[in-house]
Amino acid sequence: MSSIMVEDSSGNGLICADSVSEHVPNGYSETNLSNGNAKVFKIFIGYDPREDLAYEVCRYSLLKRATVPVEIHPIKQSELRNKGLYWRERGTTESTEFSFSRFLTPYLANFDGWAMFVDCDFLYTVDIKELTDLVDDKYAIMCVQHDYKPKETTKMDGAVQTVYPRKNWSSMVLYNCGHPKNKVLTPDLVNSQTGAFLHRFMWLEDHEIGAIPFVWNFLVGHNKVDESDPTSTPKAIHYTSGGPWFEAWKNCDFAHLWMNEMKEYIKESKEDQMTK
């Protein structure tokens, strides 16, 4: 069972309640095989127990709109530790449980094909096919190349906000998992290398990192929509400093979109449970 947030009848906002079991075959992944024999696009979402609902809504927003076969896996630190794939101690600057485990994505995808890693605090507003159509095999990875220097000193539930080069580049990455340069991303390397090496993609040359439009990692509070430019409308909203599942961020930009998606997810989950 996982936790969900529902409206408090007293009008005090969101409260925590037990939800139905996750719609995850074997408790590990979910697949939408809508296109016959088309190759499945693997998506790995960072999971943190404090943000279970954020993970569920992110997953739901992807599956609901996908017209290509997708397979979604949560990157859960506890599972990786049990399997002997993750053993490094948590540092003081790690704001989530997947700060470093995210870099195991190519390894978890068996170094095959293209796969995506994304933080759990994303909301997708369009079909993921639009993103997969952008992949270019000449790159080892592709991401939104932000020039981002956060103004806040804390994020989410009081976690320290850190500033470093290529900040937020690693929050949503398309990995060319079979690329020779990505073969170095083994458990041994991910458990031993520094945060600077990993988050700055220092195993790659600059020309091996492809760029994708900022609307695929639209940073709430940083990126802006230009009403006269439809290409600035976000396709993946990133609540990077904190989302409406945290009390302090319940009125952030685009909070209403996330809340609507959450309510739809809860409603559908309950209906699915009733039919079982």
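## Strands, a helix and some rings

Gly46 stands opposite Ile75 in strand 5. This is a predicted model, where local features need pLDDT of at least 70, side-chain atom pairs count only at pLDDT 80 or more, and totals for chains, interfaces and linings use all residues. Residues are numbered from 1 along each chain as its sequence is written, and side-chain values use heavy atoms, leaving out hydrogens and water.

Let's stay with the strands. Strand 4 (residues 41–46) and strand 5 pair in the parallel sense over 6 bridges; pairing takes at least two DSSP bridges between the strands. Getting from strand 4 to strand 5, the chain passes through helix 1 (residues 52–65), and this β-α-β crossover is right-handed. That label applies if, with the strands pointing away from the viewer, the path from the first strand over the helix to the second runs clockwise. Helices (H or I, at least four residues) and strands (E, at least two) are DSSP runs, numbered from the N terminus.

Strand 5 (residues 70–75) is mostly covered, with 6 of its 6 residues buried. Val70, Ile72 and Pro74 are on one side, and Glu71, His73 and Ile75 are on the other. Buried means under 20% relative accessible area, exposed over 50% and partly exposed in between (1.4 Å probe, protein chains only).

Now for helix 7 (residues 255–274). Its 20 residues reach 29 Å from first C-alpha to last, close to the 28 Å expected, which is 1.5 Å times one less than the number of residues. Its buried residues include Trp258, Met262, Tyr265 and Ser269. The face turned away carries the exposed residues His256, Lys267 and Met274.

On to the rings: the structure holds 13 aromatic pairs. Rings of Phe, Tyr and Trp (its six-membered ring) pair if their centres lie within 6.5 Å; planes under 30 degrees apart are stacked, over 60 edge-to-face and the rest tilted. Here are two of them.

| Pair | Centre to centre | Angle between planes | Type |
|---|---|---|---|
| Phe197 and Trp203 | 6.3 Å | 40 degrees | tilted |
| Phe214 and Phe218 | 5.9 Å | 35 degrees | tilted |

Phe214 is partly exposed at 30% relative accessible area, whereas Phe218 is buried at 0%.
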